[in-house]
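Subject: The structure, with some notes

Hi,

Here is the structure for you to open alongside this message. Please have a look at it first, then read on.

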Amino acid sequence: MKEEVQKAIDTIRPSLQADGGDVELVDVSEDGIVKLKLTGACRGCPMSQMTLKMGIEKVIKQKVPGVKEIVAV
């Protein structure tokens with residue numbers, strides 16, 4: 001599942017980088033919890049939680065059915 005999540009992140013990454021941010025995969029648990037680290041402009045952005053939940057989580061869940069939740073670390 002970790003490889004599938006990484007591939008999904010790679011499809012999102014250009015949009016984040018266009019705004020000066022990025023995301024890095026930290027871990028994927030067996031129960032479907034994905035831990036991500038927001039970097040660059042995303043790290044301190046007040047909209048980062050919305051980006052994480054409404055953008056990144058939505059795309060990853062569509063592409064990787066076993067994912068239950070995305071958590072920022």
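First, the ground rules. This is a predicted model, in which local features need pLDDT of at least 70 and side-chain atom pairs count only at pLDDT 80 or more, while totals for chains, interfaces and linings use all residues. Residues are numbered from 1 along each chain as its sequence is written, and side-chain values use heavy atoms, leaving out hydrogens and water.

Helix 3 covers residues 48-63 (helices are DSSP runs of H or I, at least four residues, and strands are runs of E, at least two, numbered from the N terminus). Helix 3 has buried residues at Ser48, Leu52, Ile56, Glu57 and Ile60, where buried means under 20% relative accessible area, exposed over 50% and partly exposed in between (1.4 Å probe, protein chains only). These buried residues pack against helix 1, strand 1, strand 2, helix 2 and strand 3. Ile56 touches Ile12, Leu16, Val23, Leu36, Leu38 and Thr51, leaving aside residues up to four places away in sequence; contact means heavy atoms within 4.5 Å.

Now the cysteines: how many disulfides does the structure hold? There are zero, a disulfide being a pair of cysteine sulfur atoms within 2.5 Å. Cys42 is buried, at 11% relative accessible area, whereas Cys45 is partly exposed, at 30%.

Best wishes

Conventions: Expected span 1.5 Å × (residues − 1).
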